[in-house]
Amino acid sequence: MNESRFGPDRGLPKRVSVIDVGPRDGLQSEPAYVSAQDKIDLINGLIDAGVRHLEVTSFVSPRAVPQLRDAADVLKGIDRSRGAVLTALVPNEKGAERAVEAGVDAMVVFMSASQSHNLKNVNRTRDQSLAGFEAICRIAEAAGIDVYGAIATSFGCPFEGNVPVGEVVRIARAYRDMGITKLSLGDTTGMATPPLVAERVQALKADVPEADIALHFHNTRGLGLVCVYAGLMEGVTRVEASVGGLGGCPFVPRATGNICTEDLVYMLEECGMETGIDLKKLIAVSRRIEGVIGRSLPGQVMKAGHRLDLHPTDSVRTANG
Ligand code: COA
Ligand code: ZN
């Protein structure tokens, strides 16, 4: 047999940290409000399945994102006993103060690589966003809380088209200069392709070597997992996904869900990378949240099960004639 090109000996990481952003990115765009208790059950289910890093909510304006207006209540109900790292989006000082008060482990500041999306999403220019992060960092530092930086529209913008790689690098440098090195490259509208992923990860590694990069894809054009794979081949070890494939951004046209956490875990484990996540438990969580929101989610492994799940032969009819 040919030597396999998969697995840890062939340049892929041994272990990948899977970050579930479903409670935030997924639920923020659900048309119906999901109760704080249902959110807590979802998050605790994910933690029980082995997820150790979750973006649990946003401390943003409740007028901008009413679905997450219960952020503080959600934090109160989360199981902290297993050491899962809980992060939340924070757009301004008010959000930072609320996040400290609620007890998050890290705040995620966010801005877009493209000006038009930044204006739509947070009602300010990119430079205004960057200037505002200084104050958030001071609040976080005083509270002993970490700050991560997200860069939305890192692979393209629905209003501007291509986003120059230099813009992504410029923002990553500005984050680094503020002491923010845990970065997430967001593909808000599913415009990433494998060559773009390789280009951007390589550029960041060269220009901002301190950056610890996470990738955040939406499966809008069906390339989500292959983009993850491209990132893994460039040495990325942190990937964001959303349980069941929940998601979409309310501030972009025709946005669709994140890549699905179960599908990601299935791919990683089948390719020889460890995640520490129990796929069966994860699928159960996914099916439960599908019941809560009352519509079918795009996740595929949650429907088909593992490839080795067996079915009784009499479960389908025999084709004759
Ligand atoms: N938490 C709670 N309330 C907040 C808040 C926060 N972090 N930030 C602002 N507000 C409130 C203000 O108190 C004010 O309320 P009032 O009118 O009752 O006094 C109102 O929101 C407007 O505040 P302002 O500072 O003028 O903000 P804005 O209208 O320019 O909106 C943001 C800017 C950033 C607060 C808003 O656009 C936002 O929250 N965006 C988040 C978008 C998002 O989460 N996108 C998802 C990522 S893809
Ligand atoms: Zn997203």
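Which residues are linked in a network of salt bridges?

1. Asp48, Asp79, Arg82 and Lys281 are the ones joined up that way. A salt bridge here is a side-chain nitrogen of Lys or Arg within 4 Å of a carboxyl oxygen of Asp or Glu. Searching the whole structure turns up 20 salt bridges.

2. A quick word on the ground rules: this is a predicted model, where local features need pLDDT of at least 70, side-chain atom pairs count only at pLDDT 80 or more, and totals for chains, interfaces and linings use all residues. Residues are numbered from 1 along each chain as its sequence is written, and side-chain values use heavy atoms, with hydrogens and water left out.

3. Have a look at Arg24 and Glu55, whose side chains meet in a salt bridge at 2.6 Å, N to O. This pair ties together distant parts of the chain, 31 residues apart: Arg24 sits in helix H1 (residues 22-26) and Glu55 in strand S2 (residues 53-58). (Helices, H or I with at least four residues, and strands, E with at least two, are DSSP runs numbered from the N terminus.) Both Arg24 and Glu55 are buried, meaning under 20% relative accessible area; exposed is over 50%, and partly exposed lies in between (1.4 Å probe, protein chains only).

4. Asp70 and Lys39 also form a salt bridge, with their closest N and O atoms 2.7 Å apart. Asp70 is in the loop between S2 and helix H3 (71-76), while Lys39 belongs to helix H2 (residues 36-48). Asp70 is buried at 5% relative accessible area, and Lys39 is buried at 3%.

5. Arg173 and Asp207 make a salt bridge at 3.3 Å, N to O. Arg173 counts as partly exposed at 36%, as does Asp207 at 37%.

Technical notes
Chains lettered and ligands numbered in written order.
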